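Here are my notes on the model, as numbered points. Please read them with the structure open.

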Amino acid sequence: MIEAVYRTEVEKLAAAEKKFSASLPPIEALRAWMLLFVDYIAAKQIIAPVLNAYVGGPSKLYEGSRVHIQGAIDALVKRAIKSGDIRRDLEPFDLLRALIGVSHVASAPDWQQSARRLVDILITGSRPVK
């Protein structure tokens, strides 16, 4: 059951990329998806202890989800680069790394608010230099 919850969260991220791309300007679609990714991290932290208790660990489950998550952010970043909203040298995985990094301080009660602020900082810092 916990595995199903995890897979559902990953599927939401993958589906959100298409939904946000269809309904929002490129930079706003990227921002909305990154905010949803913060929620995904929060959900993953809640269920991680149970997933880690699986025989053999959750590495196969995580490996499969990585493909979907990476594909979603790659598509969003490419779209934002094409529109000129963000700089051409941006690596999509750098955005994920920053958000994952802030989740490692999840013992702080306000880590999610901090992560949401970080999304706006990352978006601002990703704009082309003029």
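1. Start with Asp 94. This is a predicted model. In it, Asp 94 has a relative accessibility of 39% and so counts as partly exposed. Its partner is Arg 97: the two side chains meet in a salt bridge, 2.9 Å from N to O. Arg 97 is partly exposed as well, at 49% relative accessibility.

2. Where does this pair sit? Arg 97 and Asp 94 are both in helix H4. They are three residues apart there, so about one helical turn separates them.

3. How many salt bridges does a search of the whole structure find? The count is six. The Arg 97 and Asp 94 pair is a salt bridge, and two others are described below.

4. Arg 87 and Asp 89 form a salt bridge. Their closest N and O atoms are 2.7 Å apart. Arg 87 is partly exposed, with 31% relative accessibility.

5. Glu 9 and Lys 12 form a salt bridge through their side chains, at 3.1 Å from N to O. Both residues belong to helix H1, which covers residues 2–23.

6. Is Glu 9 buried or exposed? Glu 9 has a relative accessible area of 18%, and buried means under 20%, so Glu 9 is buried. Lys 12 is at 44% relative accessibility and counts as partly exposed.

7. Now the packing of helix H4 (residues 92–103) on helix H5 (residues 111–125). Their axes come within 9 Å and cross at roughly 160°. Angles over 145 degrees count as roughly antiparallel, so that is how H4 and H5 run relative to each other. The crossing of H4 and H5 is right-handed.

8. Which residues make the contact? From H4 come Leu 95, Ala 98, Leu 99, Val 102 and Ser 103. From H5 come Trp 111, Ser 114, Ala 115, Leu 118, Val 119 and Leu 122. By class, the contact of H4 with H5 has nine nonpolar and two polar residues, and no charged ones.

9. Last, look at Gln 45. This residue lies in helix H2, residues 26–52. Gln 45 has a relative accessible area of 30%, so it is partly exposed. Gln 45 and His 104 are 59 residues apart in sequence. In space, their C-alpha atoms are 9.7 Å apart.

Conventions:
Residues numbered from 1 in each chain as written. Predicted model: local features only at pLDDT ≥ 70, side-chain atom pairs only at ≥ 80, totals over all residues. Heavy atoms only, no water. Helix = DSSP H or I, 4+ residues; strand = E, 2+ residues; numbered from the N terminus. Buried < 20%, exposed > 50% of the residue type's maximum accessible area, 1.4 Å probe, protein only. Axes fitted to C-alpha atoms, helices over the stretch in contact; angles between N-to-C directions. Parallel < 35°, antiparallel > 145°, perpendicular 65-115°, else oblique. Left-handed = near helix turned anticlockwise from the far one by under 90°. Contact = heavy atoms within 4.5 Å. Nonpolar A, V, L, I, M, F, W, Y, C, P; charged D, E, K, R; others polar. Salt bridge = Lys/Arg side-chain N within 4 Å of Asp/Glu carboxyl O.
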